Amino acid sequence: MELVESLGRDLLFLFIVVVIGWIFKSEGPSKKTDDESKTKPEYQPWVDEDLKDHTDDHQTEDVDDFHESEENLEHIPFSSPRFPEHEMIKRSQAFYELLNQRRSVRFISDEPVPRQVIDNVIRTAGTAPSGAHTEPWSFVVVQDEEVKHKIRVIIEDEEEINYKKRMGDRWVNDLKKLRTNWIKEYLDTAPFLILIFKKIYGITSSGRKKTHYYNEISVSIACGILLAALQNAGLVTVTTTPLNCGPRLRTLLDRPVNEKLLMLLPVGYPRKDATVPNLKRKPLEEIMVVV
């Protein structure tokens, strides 16, 4: 009898221990082993957290604003120049040859550039199509020397971390052929910096959020047109997407919270001693599929 009672007490004690252990495991924070802590990276590999904008979230709009902006939009006749076939071929070939000379140039002169040229190329970028014609872009042109240097400091601080910790050995190794690193001298020397912000949502007249459909795609198209316009004007740039710099640059430039940095372009003439990698572009048959 005593043996049975003793066994019963032992089983009850064991049951209580198991239940308590299960409770702590399910409710309390799990402790990682030393090995797990050592293998976990200190930084996310390369994700720019500022570009996570939750654009798929459904946003409530004011009905009055919707009707005010979308109804009774006038439609007008449209026509465009139509060229003979030989002229079309000639123009398309000439435009290809112009843009085929475009290169990413990291050695930019401090020689002044007419401000009107910058105005015109940004007007051109603003002709890009956008989802529901929301035009979700802001082009911030920086020419003040002090502000340009502050931008350089912010970017170089983050880029050094990117190269050393975030990007990983493979990415850094792939960049070696371009001879690039976290030092961005052109941010000081280029006469203009153009920072392109995407507006992840708009603000209606009543102060409520207005959805900007496909905002990143729309702004990316505008950036492509801007690059073509710069090439057409005889200017150079290098497309830069400085990771994890967006919040600090947005604060520096006093941009609203609904704007997020997508791209930065230093703009100017190439330095006389400028060099570029001798890269080759893929031939037509490797980039085009005809069905």
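The model is predicted, so local features need pLDDT of at least 70 and side-chain atom pairs count only at pLDDT 80 or more, while totals for chains, interfaces and linings use all residues. Residues are numbered from 1 along each chain as its sequence is written, and side-chain values use heavy atoms, with hydrogens and water left out.

Let us begin with the whole chain. It holds 11 helices and five strands; these are DSSP runs numbered from the N terminus, with helices being H or I of at least four residues and strands being E of at least two. Of the 291 residues, 31% are buried. Buried means under 20% relative accessible area, exposed means over 50%, and partly exposed lies in between, with a 1.4 Å probe and protein chains only. Contacts here are heavy atoms within 4.5 Å. Among contacts with a separation of 6 or more, 84% are between residues 24 or more positions apart.

Now turn to helix 5, residues 115-125. Its buried residues are Ile 118, Val 121, Ile 122 and Ala 125. Seen down the helix axis, these buried residues fall within an arc of 100 degrees, so they line one face of helix 5; the arc is that of the directions from the helix axis to the C-beta atoms. On the face turned away from the buried side, helix 5 carries the exposed residues Gln 116 and Arg 123. And what covers the buried residues? The cover includes strand 1 (137-142), strand 2 (192-199), helix 9 and strand 5 (259-267).

Those strands deserve a look of their own. Strand 2 has seven of its eight residues buried, so it is largely enclosed by the rest of the structure. Strand 5 is mostly covered too, with nine of its nine residues buried. Strands count as paired if DSSP finds at least two bridges between them. Strand 1 and strand 2 run antiparallel and are joined by six bridges, with Val 141 partnered by Ile 194 in strand 2. Strand 2 also pairs with strand 5 in the antiparallel sense, over eight bridges. Here Phe 197 stands opposite Leu 261, and Leu 195 has Leu 264 as its bridge partner in strand 5.

Next, find Leu 235, in the loop between helix 9 (215-232) and helix 10 (246-252). Is Leu 235 buried or exposed? At 4% relative accessibility, Leu 235 counts as buried. Leaving aside neighbours within four places in sequence, Leu 235 is in contact with residues including Ile 118, Leu 230 and Tyr 269. Leu 235 and Val 105 are 130 residues apart in sequence, yet their C-alpha atoms are 9.9 Å apart in space.
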